[in-house]
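Hi everyone, thanks for making time for this. I'd like to walk you through one model today, going from the overall picture down to a few side chains.

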Amino acid sequence: MAIREIITVPNPLLKQVSKPVDKVDDALRELMDDMLETMYDAPGIGLAAIQIGEPVRVIVMDLQEKPEGAADDAEPVKNPRYFVNPEIIWKSEDTLPYEEGCLSIPEIYDEVQRPAHVKIRYLNYQGEQVEEEAKGLFAVCIQHEMDHLEGVLFIDHLSKLKRDRAVTKVKKLTRAA
């Protein structure tokens with residue numbers, strides 16, 4: 001596994017629509033493993049392949065949670081998830097406001113409204129088709145990452161003024177680094 005560079009705005013790759021994956025094979029699993037290691041290192045909770053310059057419809061995610069009944073100071077348990085060719089097959093009309101951030105837009109956070117509940121279909125790490133429901137943070141995160149596959153960033157859901165300010169701030173941060 002390797003840690004890859006995460007690209008940031010205004011890199012034009014982030015606006016590219018990702019291509020479907022033909023099959024889940026060892027090469028794709030290696031990419032997913034690299035993505036997961038990169039996401040943990042950043043640190044983040046979700047990463048789309050396009051964020052490391054790979055325009056394929058692949059997402060990794062880990063919404064680590066503490067075990068039920070665990071002490072307050074207990075460490076969250078890693079729960080890596082892999083989504084190949086994910087699609088939303090149903091979404092609720094009710095929405096959930098959530099303050100989002102993005103590894104490709106460092107240090108920028110803002111509230112985005114998204115459907116509170118979605119049903120998704122995807123291939124897992126083994127290439128098996130899965131359908132499941134996502135609510136709360138899982139619903140927010142999967143929709144955020146799936147937006148990346150369409151070339152959409154969370155700041156695209158904001159006003160033009162807020163979006164322009166975010167891009168300007170990230171440009172300054174990356175020049176200073």
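Predicted model: local features only at pLDDT ≥ 70, side-chain atom pairs only at ≥ 80, totals over all residues.

**Surface first, then the rings**

Now the charges. There are 22 positive and 33 negative side chains, and the centres of these two sets sit 8 Å apart.

On to overall dimensions. The C-alpha trace spans about 40 × 35 × 35 Å along its principal axes. A compact globule of 177 residues would have a radius of gyration near 16 Å, and the protein agrees with that, because its own value is 16 Å. Of the 177 residues, 41% are buried.

What about the fold? We have 3 helices and 7 strands, and along the sequence they come in the order α-β-β-β-β-β-β-β-α-α. If you take contacts between residues at least 6 apart in sequence, 65% of them join residues at least 24 apart.

That brings me to the aromatic side chains. How many aromatic pairs does the structure hold? The count is 3. In one of them, tyrosine 82 and tyrosine 125 have ring centres 4.5 Å apart and planes at 50 degrees, so we call the pair tilted. Have a look at where these two come from: tyrosine 82 is in strand β3, residues 81–91, while tyrosine 125 is in the loop between β6 (117–123) and β7 (129–135), so the pair ties together parts that are 43 residues apart in sequence.

Phenylalanine 83 belongs to strand β3 and phenylalanine 138 to helix α2, residues 136–149, so here the parts tied together are 55 residues apart in sequence. Phenylalanine 83 counts as buried because its relative accessibility is 0%. Phenylalanine 138 is buried as well, with a relative accessible area of 13%, which falls under the 20% cut-off.

Technical notes
Residues numbered from 1 in each chain as written. Heavy atoms only, no water. Helix = DSSP H or I, 4+ residues; strand = E, 2+ residues; numbered from the N terminus. Rg over C-alpha atoms; globule rule 2.2 N^0.38 Å. Buried < 20%, exposed > 50% of the residue type's maximum accessible area, 1.4 Å probe, protein only. Contact = heavy atoms within 4.5 Å. Lys, Arg positive; Asp, Glu negative; His and termini not counted. Charge placed at Lys NZ, Arg CZ, Asp CG, Glu CD. Phe/Tyr/Trp six-rings, centres within 6.5 Å; stacked < 30°, edge-to-face > 60°.
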